[in-house]
Amino acid sequence: MSRSDNTERLVHVPLGERSYDILIGPGLIGRAGGEISTRIKGRKAAIITDEHVGTLYLDPLMDSLQTDGIEAVSLSLPPGEKTKSFDCLTKVCDVLLEARIERNDTVIALGGGVIGDLTGFAAGIVRRGVRFVQIPTSLLSQVDSSVGGKTGINTRHGKNLVGIFNQPDLVLADTDVLNTLSEREFRAGYAEVAKYGLIDKPDFFEWLERNWKDVFSGGEARIEAIATSCQAKADVVAADEREHGRRALLNLGHTFGHALEAATEYDSRRLVHGEGVSIGMVLAHQFSARLNLASPDDAGRVEAHLKAVGLPTRIDEISGELPSTEFLMDAIAQDKKVKSGKLTFILTRGIGQSFVADDVPASEVFSFLEEKREK
């Protein structure tokens, strides 16, 4: 990680010919044209955004591109998880082809994780791959989904089950845009920040316990937390780009969380991704304690911190009725394949001591979820 001044950070993701930079700091949307034009030769771009984000940031981005001689078209889609669909993928691909975006031109994802995942997928399959830039506008997407090249859409069978690995050419994480997020959206993104400490950085988790209020307030602590998170993910991706081993640790809390999202039919009024991850991380630590892998005190510490920042930590905090435990188990089986009646989970031996467990009995998971639903 390098610093270009007192506020901006640069994180490099070293992947040979697919290497790229993550720039983190204020004012980057206004500089996007210059940053893109120095890295990508094409003079055309297509911006994919959602209707909420586009209202705030599409015009400044278009102005910046025009200033640096890049001609751009745009498409605004409805906000929300349901936009990660085959129908919207078709719309994006049609816009790129109608605009005659070629391989050296740029497709820009301006938005949160939904827009980034959808746009990255389209950019990877149109003309068998065109240049792709992420401009993430939520905390969650800045520290997680915009980095690492995972793209895709949801289906009725589950979340992110259709997609490809497609690394961006550049990530511009403009921290100014976070000031327009709702408290709920920011908290949801913070769950992914905390995740990096819980995976293998106990000192970072301890730092967050002390400094989370400053992270929420903005300024240097916020930039530091984002940069540390991006560096953590960059390190993992560089070591295991296509999730054959260590990269699976980034799924801490996600197996439970994705099942809960499916149970709410991806209704953001009931549960957003980061909230599912928050509950999922607590469940992962509690389940590890149940299996005598970790101390219950560690699970309590995780729950206390996430609760302190205002995140949900229990299944019964999700509004409305949830389907059966059998439904949750089916969703878990789709998320992480069953092998001989056993599941793969990210479990832990303590704070910052996560590991891949590929032999978890499905019966243990079922009884654990039944117990947690009754509380």
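Reply:

Phenylalanine 204 and tryptophan 207 share helix 7 (residues 202-217), where three residues, about one turn of the helix, separate them. Helices here are DSSP runs (H or I, at least four residues), strands are DSSP runs too (E, at least two), and both are numbered from the N terminus. The model is predicted, so local features need pLDDT of at least 70 and side-chain atom pairs count only at pLDDT 80 or more, while totals for chains, interfaces and linings use all residues. Residues are numbered from 1 along each chain as its sequence is written, and side-chain values use heavy atoms, with hydrogens and water left out.

Start with the rings. A pair of aromatic rings is described by the distance of the centres and the angle of the planes. Rings of Phe, Tyr and Trp (its six-membered ring) pair if their centres lie within 6.5 Å; planes under 30 degrees apart count as stacked, over 60 as edge-to-face and the rest as tilted. Searching the whole structure gives nine aromatic pairs. Phenylalanine 204 and tryptophan 207 make a stacked one, with 6.0 Å centre to centre and 20° between the planes.

How do the two partners sit relative to solvent? The terms are buried (under 20% relative accessible area), exposed (over 50%) and partly exposed (in between), with a 1.4 Å probe and protein chains only. Phenylalanine 204 has a relative accessible area of 8%, so it is buried. Tryptophan 207 reaches 21% and so counts as partly exposed.

Compare another pair. Elsewhere, ring pairs join Phe186, Tyr190, Trp212 and Phe216 into a cluster.

Rings also meet charges. A charge sits over a ring if NZ of Lys or CZ of Arg is within 6 Å of the ring centre and within 35 degrees of the ring normal. Lysine 195 is placed over the face of tyrosine 196, 5.0 Å from the ring centre. For arginine 349, the charged end sits over the ring of phenylalanine 355, at 3.8 Å from its centre.

Next, a hairpin. Strand 11 (residues 342-348) and strand 12 (residues 354-361) run antiparallel, joined by six bridges. Two strands pair if DSSP finds at least two bridges between them. Threonine 348 has serine 354, in strand 12, as its bridge partner. Five residues lie between the strands in this hairpin, and glycine 350 takes a positive phi near 155°.

Now helix 3 (residues 86-98). Its 13 residues reach 18 Å from first C-alpha to last, close to the 18 Å expected at 1.5 Å a residue. That expected span is 1.5 Å times one less than the number of residues. Buried in helix 3 are Cys88, Leu89, Val92, Cys93, Val95 and Leu96. These cover an arc of only 160° around the axis, so they are on the same side of helix 3. The arc is taken from the directions from the helix axis to the C-beta atoms. The face turned away from that buried side of helix 3 carries exposed Asp87 and Glu98. The buried residues of helix 3 pack against strand 4 (44-50), strand 5 (71-77), strand 6 (106-111), helix 4 (113-125) and strand 8 (150-155). Just past helix 3, arginine 100 has a positive phi of about 55°.

Strand 8 holds asparagine 154. Asparagine 154 is buried, at 8% relative accessible area. Contact means heavy atoms within 4.5 Å. Apart from neighbours within four places in sequence, asparagine 154 contacts Glu81, Lys84, Ser85, Lys159 and Asn160.

Strand 7 (residues 131-136) contains glutamine 134. At 4% relative accessibility, glutamine 134 is buried. Not counting residues up to four places away in sequence, glutamine 134 touches several residues, including Ala109, Gly116, Pro168 and Leu172.

Tyrosine 266 is not a glycine, yet has a positive phi of about 55°. Tyrosine 266 lies in the loop between helix 9 and helix 10, and counts as buried at 15% relative accessibility. Asparagine 292, also not a glycine, has a positive phi of about 60°. Asparagine 292 is in the loop between helix 10 and helix 11 (296-308), and counts as exposed at 70% relative accessibility.
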